[in-house]
Amino acid sequence: MRQEMEIEFKNLLVETEYHQLMERYSTSGSSVWQANDYFDTPTFELRSHGAALRIREKKSGLVLTLKEPKDDGLLETHVTLSETEAEDLFQYGLIHSSAMKQQLEKFNLTTSLEHLGRLETERFEKQLDTGLLVLDKSRYLGVTDYELEFEVTDYTAGKQAFHELLESNGIPTRETKNKIVRFMDLKALSR
C-alpha cells in the first residue's frame, strides 16, 4: 500500500482550447492511454462521503485507488492488483488487500461494491517550471470532455501559477469537478 497527497487544480476546456494548449506546449505525439473503472455501492455510499474508488489500467498494470478528501487536497491510497484480484472486484465486489479493506472500514458500507462503468483518457503531460501541465481527453457514458489539470506541491504558489496559466492562454476559469465526480454525477442521473 502506498499513500500520497494530491494537490491539483482543474479546468474544463472546450475542444478548441484543448487543441490550442496542445499546440502551444508541443505535446503532440506523447500521449498516454489509461482507463479508470469506478466502483461504489448501489446507493453511492462512498460518493456521499466525498470518496471514490477506482481501478486504473495502464500499460504498466492495474492499481486500485481510494481517493478521500483531506486538508487542501485528496488523500490517495494505492494498492497494486493482479488480474485475478481485479476480476474478483468486478464480478463479486471483493477486495483482497487488507490495507485497502482497513481504509474502507471508516465508511461503514452497508452493501457490497459494484462496477459502475469505465472512463478512458488520452493524457498528455508537460513539466513546466511551476508545475505539471496535464491535458486530458476523456470518454465516458457517451460523453467526451476536455480538461486541463495542473499538479503542484505547494497549494498557494500552485493556485497562483494555475490562474496565470489560464489567463495567459485566454481561458476562462470554470468550476471543474474531478473526473470521477463528473462520472458519478452522470451515472447517478441514469439510475
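Predicted model: local features only at pLDDT ≥ 70, side-chain atom pairs only at ≥ 80, totals over all residues.
Good morning. Let me begin with the largest nonpolar core, which has 20 residues; the members that touch the most others are Leu13, Leu135, Leu148 and Phe150. Strands β1, β6 (114-128), β7 (131-140) and β8 (143-152) each give two or more residues to this core, as do helices α1 (15-24) and α5.

Another core, of 17 residues, lies apart from the largest one, and among its members are Ile55, Val79, Met100 and Leu104. As general background, nonpolar side chains in soluble globular proteins tend to be buried together.

I turn now to the aromatic residues. How many aromatic pairs does a search of the whole structure find? The search gives 7. In one of them, the ring centres of Phe9 and Phe162 are 5.6 Å apart and the planes meet at 25°, so this pair counts as stacked. Phe9 belongs to strand β1 (residues 2-13) and Phe162 to helix α5 (residues 155-168), so the pair ties together parts of the chain 153 residues apart in sequence. Both Phe9 and Phe162 are buried.

A second pair, Tyr38 with Phe183, is tilted, with 4.8 Å from centre to centre and 50° between the planes. Here, too, distant parts of the chain are linked: Tyr38 is in strand β2 (residues 32-40) and Phe183 is in helix α6 (residues 179-189), 145 residues apart. Tyr38 and Phe183 are both buried.

Elsewhere, a charge meets a ring: the charged end of Arg47 sits over the ring of Phe44, at 5.5 Å from its centre.

Next, the salt bridges, of which the count comes to 20. Which residue forms a salt bridge with Lys179? The partner is Glu147, and the closest N and O atoms are 2.6 Å apart. Because Lys179 lies in helix α6 and Glu147 in strand β8, this pair ties together parts 32 residues apart in sequence. Are these two residues buried or exposed? Lys179 is buried, and Glu147 is buried as well.

Lys179 and Glu147 also belong to a network, joined by salt bridges that share partners, whose other members are Glu8, Lys10, Arg123, Asp136, Asp145, Glu149 and Arg182.

Two further salt bridges involve partly exposed residues. Glu120 and Arg118 meet through their side chains at 4.0 Å, N to O. Glu120 is partly exposed, at a relative accessible area of 34%, and Arg118 is likewise partly exposed, at 31%. Asp185 pairs with Lys177, the closest N and O atoms being 2.9 Å apart. Lys177 has a relative accessibility of 42% and counts as partly exposed.

Finally, a word on Val63, which is found in strand β4 (residues 61-70). Its relative accessible area is 25%, so Val63 is partly exposed. Leaving out residues up to four places away in sequence, Val63 touches Arg54, Ile55, Arg56, His78, Val79 and Thr80. Val63 and Phe124 are 61 residues apart along the chain, and their C-alpha atoms are separated by 20 Å. Thank you.

How values were computed:
Residues numbered from 1 in each chain as written. Heavy atoms only, no water. Phe/Tyr/Trp six-rings, centres within 6.5 Å; stacked < 30°, edge-to-face > 60°. Helix = DSSP H or I, 4+ residues; strand = E, 2+ residues; numbered from the N terminus. Buried < 20%, exposed > 50% of the residue type's maximum accessible area, 1.4 Å probe, protein only. Lys NZ or Arg CZ within 6 Å of the ring centre and 35° of its normal. Core = buried A, V, L, I, M, F, W, Y, C linked by side-chain atoms within 4.5 Å. Contact = heavy atoms within 4.5 Å.
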